[in-house]
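This briefing is meant for a reader who is meeting the structure for the first time. Please look over the sequence and the model before reading on.

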Amino acid sequence: MAADSRTIIAPTDAELLQAQADLWRHSLYYLTSMALKCAVELHIPTAIHKLGGAASLPDLVTALSLPQTKLPFLRRLMRLLVTSGIFASDSGAEVETYRLNPLSWLLVEGVEAENHTYQKYFVLATVSRHYLEAASSLADWFKKDLPVPIPSPFEEQHGVPLVHEKTKLLDEELDRIVNEGVAAHDNLAIGTIIRECGDIFRGVQSLTDCGGGDGTTVRGIIKAFPHIKCTVLDLPKVIENAPPHDSVTYVAGDMFHSIPPAQAVMIKLLLHFFSDEDCVKILEQCKKAIPSKEEGGKVIIIEIVVDPSLGPIMYEAQLLMDLLMMVNIRGRQRDENDWREIFMKAGFSDYKIVKKIGARGVIEVYP
């Protein structure tokens, strides 16, 4: 047998030491998640907010009613959270203080401000025992020859799907936290989208928000564009708990079977829960619900559009959200080519990515 012509070039000493540090980081990243969970459960962001936006360690220990003996341990926790970008600090001051930054501001409870959506339950859901057990079973899941449609590791591990009416059979508290987390995640930045992409609503006389939950999004749209007649379609269990609104019509139904007709149909952060085949079925119903392109018919989709050109941090966040989908449900995050293929299969003629806002894209799809 001929010798393998490939040779392995041994790393330098400096490269090996850096590789070891990188291995520590990747192996121990779960501790950053657990530290974040701890900060949320202790209400540290809210405490800093109530203390005027900045707090020393003694201030925090007192505000959180912690034993004084825990002060040195709290310092170590906060040091990691600052390094991870979850809080800011004034380390050069005579007394080190910790401040809120945009990330920890999202974790402050009771703030009444535009574009503030409390993200506590998104954090608690993603670091829950059930999520972690599903992720820990990933290698075993890969080895199994499972029937199509392939269940997610979560479903294979726990016996029920996530974000489903059966989830509460596994754990009612998990079901509540997941639903709260999904709602908070979906409602974040709708004000920014309306301000940055308001033109997508100009000229629209009627709009159906498909899977619109309690109507938070359409209420924001009506505030900016009061002439639009808005309908919210969602499952009966969601609609029955939606707050009444004079300008919103709530319809209990199933988007796989029928969607209330409107000039525009909007689907916001919903399609990533579904397989490509189910996305096509949903969009086919959307196409039936709208008029021709000449009459202003369109589907407005707000979804992650995976794109490395957004930069390494945003791209990594998108890929982590895709892995979250792979581990816990049967959907996925998609790049532009994936979306184009789905739109064409559903019978649409064209589409336009109006703007990319953070990790999300605002897309118009035309019949």
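What follows is an overview of the whole protein, followed by points grouped by topic.

This is a predicted model, in which local features need pLDDT of at least 70, side-chain atom pairs count only at pLDDT 80 or more, and totals for chains, interfaces and linings use all residues. Residues are numbered from 1 along each chain as its sequence is written, and side-chain values use heavy atoms, with hydrogens and water left out.

**Overall make-up**

- The secondary structure comes to 17 helices and eleven strands, where helices (H or I, at least four residues) and strands (E, at least two) are DSSP runs numbered from the N terminus.
- Along its principal axes, the C-alpha trace spans about 75 × 65 × 40 Å.
- Of the 367 residues of the protein, 45% count as buried; buried means under 20% relative accessible area, exposed means over 50%, and partly exposed lies in between, with a 1.4 Å probe and protein chains only.
- The protein exposes about 19800 Å², of which carbon and sulfur atoms supply 56%; accessible areas come from the Shrake-Rupley method with a 1.4 Å probe, and for residues only the protein chains shown count as cover.
- Among contacts between residues at least 6 apart in sequence, 60% join residues at least 24 apart, a contact being heavy atoms within 4.5 Å.

**Annotated domains**

- UniProt, in an unreviewed entry, places the feature "domain: O-methyltransferase dimerisation" at residues 24–109; UniProt positions are given in the numbering used here, feature names are shortened, and annotations may be inferred rather than shown by experiment.
- Over residues 24–109 the chain is 58% helix and 10% strand, with the end C-alpha atoms 33 Å apart.
- The unreviewed UniProt entry also lists "domain: O-methyltransferase C-terminal" at residues 137–349, a span that is 44% helix and 15% strand and whose end C-alpha atoms lie 42 Å apart.

**Nonpolar cores**

- The largest nonpolar core has 75 residues, and those with the most contacts inside it include Ile44, Leu60, Phe87 and Leu283; such a core is a set of buried Ala, Val, Leu, Ile, Met, Phe, Trp, Tyr and Cys residues joined through side-chain atoms within 4.5 Å.
- Helix H15 gives the most to this core, with six residues.
- Leaving out residues up to four places away in sequence, Ile44 touches Ala39, Leu60, Leu64, Leu74, Leu77, Met78 and Phe87.
- A second, separate core of 25 residues includes Ile190, Ile194, Ile222 and Met266.

- The UniProt annotation "active site", from an unreviewed entry, covers His272, which is found in the loop between strand S7 (264–268) and helix H15 (276–289).
- His272 counts as buried because its relative accessibility is 4%, and, not counting residues up to four places away in sequence, His272 touches Glu303, Met325, Ile329, Gly331, Arg332, Gln333 and Arg334.
- Arg334 lies in strand S9 (residues 334–335) and is buried, with a relative accessible area of 0%.
- The side chain of Arg334 makes a polar contact with the side chain of Asp276 (2.9 Å); a polar contact is a pair of N or O atoms within 3.5 Å, where within protein one must be able to donate a hydrogen and the other to accept it, and residues adjacent in sequence count only if both atoms are side-chain atoms.
- Beyond its neighbours within four places in sequence, Arg334 is in contact with residues including Leu271, His272, Cys279, Val305 and Trp339.

**Cysteines**

- A search of the whole structure finds zero disulfides, a disulfide being a pair of cysteine sulfur atoms within 2.5 Å.
- The closest cysteine sulfur to that of Cys210 is in Cys286, 5.1 Å away, which is too far for a bond; Cys210 is buried, with a relative accessible area of 1%.
- For Cys279 the closest cysteine sulfur is also in Cys286, at 10 Å and too far for a bond, and Cys279 is buried at 0% relative accessible area.

**Backbone details**

- Most residues other than glycine have a negative phi, and most peptide bonds are trans.
- The peptide bond from Val148 to Pro149 is cis, with omega near 0°, and Pro149 lies in the loop between helix H8 (138–143) and helix H9 (153–158).
- Phi is positive at Val163, near 55°, and this residue counts as partly exposed because its relative accessibility is 35%.
- Leu269, in the loop between S7 and H15, has a positive phi near 50° and is buried, with a relative accessible area of 2%.
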